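Please open the structure in your viewer and keep the selection panel at hand.

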Amino acid sequence: MREHVLAETANVISAKKCIAYLQQRPKTEMVGMGLLHGAPGLGKTRFARRLAYYNDYIYLRLEASMTAKSFAQQLLRLLHYRYALDNASFHGSTNKLFRRCISILQSNPDAVIIIDEIDYAFTQPVLLGSIRDIVDETIAVVVLVGMKDAREKLLRANSHYFDRCNYFYEFKRLSRLDVELVCKEISEVKMKPDLLTYIHKTTRGNIRQIIKIIEAVEKVSAREQLSIAALNDLLGDKGTTDAT
Ligand SMILES: Nc1ncnc2c1ncn2[C@@H]1O[C@H](COP(=O)(O)OP(=O)(O)OP(=O)(O)O)[C@@H](O)[C@H]1O
Ligand SMILES: [Mg+2]
């Protein structure tokens, strides 16, 4: 299996448009906040991480135990690293840490920050408010990534926030064409159309599930020395039933 791949699915293409739109917006008139959301296993985190890696964006993933202060410390660390800044000290009050983040962002107007698992912030008004301050006081692009109902949750948590969001995109289930693309890019074994159709149907376009089937197809293909696999090869193999 080829690892760390970012197949250019319809979701990836649309989510890239979100970032491009926010980067090209009239910056004095519109804040740079967007929200990418969607059901589990559709590739939101893979997209966010890979894009950050290729383009030197800042990627942060919120955690259940994260406070406004630990978020500020982590953001400050990442900003120091990204912009190769000296005098690194990550101590002080939450407010002081955020002020330093904002000051770095004001000096680096090209910054793009992607905050994954934003749903954790919906119950934390201080953390949510601090992210809003970043959006209001800098021209950085801030892309929030959340669960399927993140858009509604954001509206309920803070309507001012929602109002500031200038781009929404919901990740969709993968089409048959996307499934073919993902399998071609990730699998070391070629797949016949009947197998691709089966993968599309059984996984209902969930990439996490697709990966499990690719793994099973590769195993059976290695054992049977196949360079191209058909549906029968997979279904004839009892060991794959867990993955499918
Ligand atoms: N565009 C892609 N190209 C190749 N593989 C992908 C792609 N998107 C996702 N994957 C694979 O699918 C797995 C699940 O994707 P990911 O973790 O990004 O989903 P998610 O939408 O963030 O799910 P969750 O909502 O549960 O956090 C990844 O670990 C990766 O193996
Ligand atoms: Mg994720």
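The stops below cover the domains, the sheet and the ligand shell.

This is a predicted model, in which local features need pLDDT of at least 70 and side-chain atom pairs count only at pLDDT 80 or more, while totals for chains, interfaces and linings use all residues. Residues are numbered from 1 along each chain as its sequence is written, and chains are lettered from A and ligands numbered from 1 in the order in which they are written.

Select domain 1 (10-171) and domain 2 (176-240), whose bounds come from an automatic or database domain assignment. Their centres, taken over C-alpha atoms, are separated by 35 Å. Four residues of domain 1 are in contact with five residues of domain 2 (C-beta atoms, placed from the backbone, within 7 Å).

Next, select the five strands of the open sheet, which is parallel and ordered β2-β3-β4-β1-β5. Strands are DSSP runs of E of at least two residues, helices runs of H or I of at least four, both numbered from the N terminus; two strands pair if DSSP finds at least two bridges between them. Four bridges join β2 to β3 (residues 112-116); pick Tyr59 and its bridge partner in β3, Ile114.

Finally, select ligand 1. Which residues come nearest? They are Pro40, Gly43, Lys44, Thr45 and Arg46, out of 18 around ligand 1 (C-beta atom, placed from the backbone, within 6 Å). Helices α2 (44-55), α8 (176-186) and α10 (207-224) each supply at least two residues of this shell, and each domain provides at least three.

Notes
Contact = placed C-beta atoms within 7 Å.
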